[in-house]
Amino acid sequence: MRKLALLLLISIIALMPGASAIRTFSGDTVSIDVPIADDVFATGGVVNINAPVSSAVVAGGTVNINAPVTGDLFVAGGQVLVNSNIGGKVVAWVETIIICRNVATHIRILLVFSSTLTRRESSPFDTLMIIF
């Protein structure tokens, strides 16, 4: 799973159009606790985004999005909690994802075998694409 997540992360980085600035984080536990007006790339066993960021590409065993992401969120992980608003789209390759807040545009989720998607009532979105 880690090799596939890393491959997905590298592919997304290669395909992203003209990112102006990038901040990278890695480690066993990564917590972003101060606002970052740049794109964020983070990998770790546990990744917590606790402060607003411009956009995020995240790979981790457990990923918690607890602060607004003004642009797009690309995420690969085992368990993902989106507990804040996303201004762009969400593209996820996950085993379990819980979406508790608004997503402005689209959600594209690649769920691996025996995966779970949970959407809370307070999280409307206009397009949901699930690929198995």
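Visitor: At 3.5 Å, which side chain makes a polar contact with the side chain of Asn48?

Guide: The side chain of Ser31 does. A polar contact is a pair of N or O atoms within 3.5 Å; within protein, one must be able to donate a hydrogen and the other to accept it, and residues adjacent in sequence count only if both atoms are side-chain atoms. The side chain of Asn48 also pairs with that of Asn64, at 2.8 Å.

Visitor: What should I know about the model itself?

Guide: It is predicted: local features need pLDDT of at least 70, side-chain atom pairs count only at pLDDT 80 or more, and totals for chains, interfaces and linings use all residues. Residues are numbered from 1 along each chain as its sequence is written, and side-chain values use heavy atoms, leaving out hydrogens and water.

Visitor: Where is Asn48 placed?

Guide: Asn48 is in strand 2, residues 36–49. Strands are DSSP runs of E, at least two residues, numbered from the N terminus.

Visitor: Is Asn48 buried or exposed?

Guide: Buried, because its relative accessibility is 13%. The cut-offs are under 20% for buried, over 50% for exposed, and partly exposed in between (1.4 Å probe, protein chains only). Beyond four places in sequence, Asn48 is in contact (heavy atoms within 4.5 Å) with Val30, Ser31, Ile32 and Asn64.

Visitor: Which side chain does Ser55 meet in a polar contact?

Guide: That of Asp39, at 2.5 Å. Ser55 sits in strand 3, residues 53–65. With a relative accessible area of 10%, Ser55 is buried.

Visitor: What does Phe25 touch?

Guide: Beyond four places in sequence, Phe25 touches Val30, Ile32, Ile36, Val40, Phe41, Ala42 and Thr43. Phe25 belongs to strand 1, residues 22–32. Its C-alpha lies 6.3 Å from that of Phe41, 16 residues apart along the chain. Phe25 counts as partly exposed because its relative accessibility is 22%.

Key:
Helices (H or I, at least four residues) and strands (E, at least two) are DSSP runs, numbered from the N terminus.
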